[in-house]
Amino acid sequence: MPTFKSIATVTVGSGGAASISFSSIPSTYTDLLILYSGRDVRTGDVYSNWKIEFNGSSSNLSCRLLYGTGSSAASGTDTTIYGWQPGDSATASTFSNNLIYIPNYTSSNYKSVSIDTVEENNTTSAYMGLTAGLWSNTAAITSITIKSYYASVNQAQYSTATLYGIKNS
């Protein structure tokens, strides 16, 4: 049976932050899991996005996603790996819920990522989706960064992420 160990938790403080980062990730686990609850401060947006990067790299990333809004569904592809979160114009004090799973993060193969994401908003529509991502790099993942999909937009105060190591023993 797999065992889960909390490695680190980051909570964004007053004034927001450009990103949430985990560094010096130990190689003693088989898989990684991140639980992320976020919001950004992009002015005028009800719906916004966050993205993930590995080892400081924003290249060689791709994803396929399936998502719904409460009234319609769609799919797409991108050259980033991302999920949804409320923007500055969303219902006050609402945050997204995201589960990010990264199996075999130390292997010499390309790294796959699966994301279950939902953007909360207390309205008739809110984004939710599933993302299948790939980092086409053979390096072990030693650091992870979560930040707004949009340049120069901070993560809001109280956005929180917890990184777990999983051992399949």
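The protein chain has zero helices and 12 strands (DSSP runs numbered from the N terminus, with H or I over at least four residues for helices and E over at least two for strands). The model is predicted, and local features were taken at pLDDT of at least 70, side-chain atom pairs at pLDDT 80 or more, and totals for chains, interfaces and linings from all residues. Residues are numbered from 1 along each chain as its sequence is written, and side-chain values rest on heavy atoms, with hydrogens and water left out.

From the N terminus on, the order of elements is β-β-β-β-β-β-β-β-β-β-β-β. The radius of gyration of the chain is 15 Å, close to the 15 Å given by the globule rule for 169 residues, so the chain is as compact as a globular protein of that length. This radius is taken over C-alpha atoms, and the rule is 2.2 Å times the number of residues to the power 0.38. Along the principal axes, the C-alpha atoms fill a box of roughly 45 × 35 × 30 Å. Of the 169 residues, 43% count as buried (under 20% relative accessible area; exposed is over 50% and partly exposed in between, with a 1.4 Å probe and protein chains only). Among contacts (heavy atoms within 4.5 Å) with a separation of 6 or more, 78% come from residues 24 or more positions apart.

Eight strands form an open sheet with antiparallel pairing, in the order β1-β12-β3-β8-β9-β10-β5-β6; two strands pair if DSSP finds at least two bridges between them. The edges are held by β1 (2–11) and β6 (73–78), each with a single partner strand, so one side of each has no neighbour in the sheet. Neighbouring strands are turned by 15° against each other on average, direction ignored (axes are lines fitted to C-alpha atoms, and angles between N-to-C directions run from 0 to 180 degrees).

β1 pairs with strand β12 (residues 160–168) in the antiparallel sense over nine bridges, and the bridge partner of K5 in β12 is G165. β12 is also joined by seven bridges to strand β3 (residues 31–37), again antiparallel; L35 stands opposite T162 in β12. Elsewhere in the sheet, eight bridges join the antiparallel strands β5 (residues 61–68) and β10 (residues 128–135), with L66 partnered by L130 in β10.

Strand β8 (residues 97–103) contains N98, which counts as buried at 5% relative accessibility. The C-alpha atoms of N98 and Y36 are separated by 5.0 Å, although the two residues are 62 apart along the chain. Beyond its neighbours within four places in sequence, N98 is in contact with I34, L35, Y36, W50, W84, D116, T117 and V118.

The structure holds nine aromatic pairs (rings of Phe, Tyr and Trp, the last by its six-membered ring, with centres within 6.5 Å; planes under 30 degrees apart are stacked, over 60 edge-to-face and the rest tilted). Y47 and Y127 form an edge-to-face pair, at 5.0 Å centre to centre and 70° between the planes. Y47 lies in strand β4 (residues 47–54) and Y127 in the loop between β9 (111–118) and β10, so this pair ties together parts that are 80 residues apart in sequence. Y47 is partly exposed, with a relative accessible area of 28%. One aromatic cluster is formed by Y47, Y67, Y82, W84, Y127, Y149 and Y150. R42 lies over the face of Y150, at 3.6 Å from the ring centre (the criterion being NZ of Lys or CZ of Arg within 6 Å of the ring centre and within 35 degrees of the ring normal).
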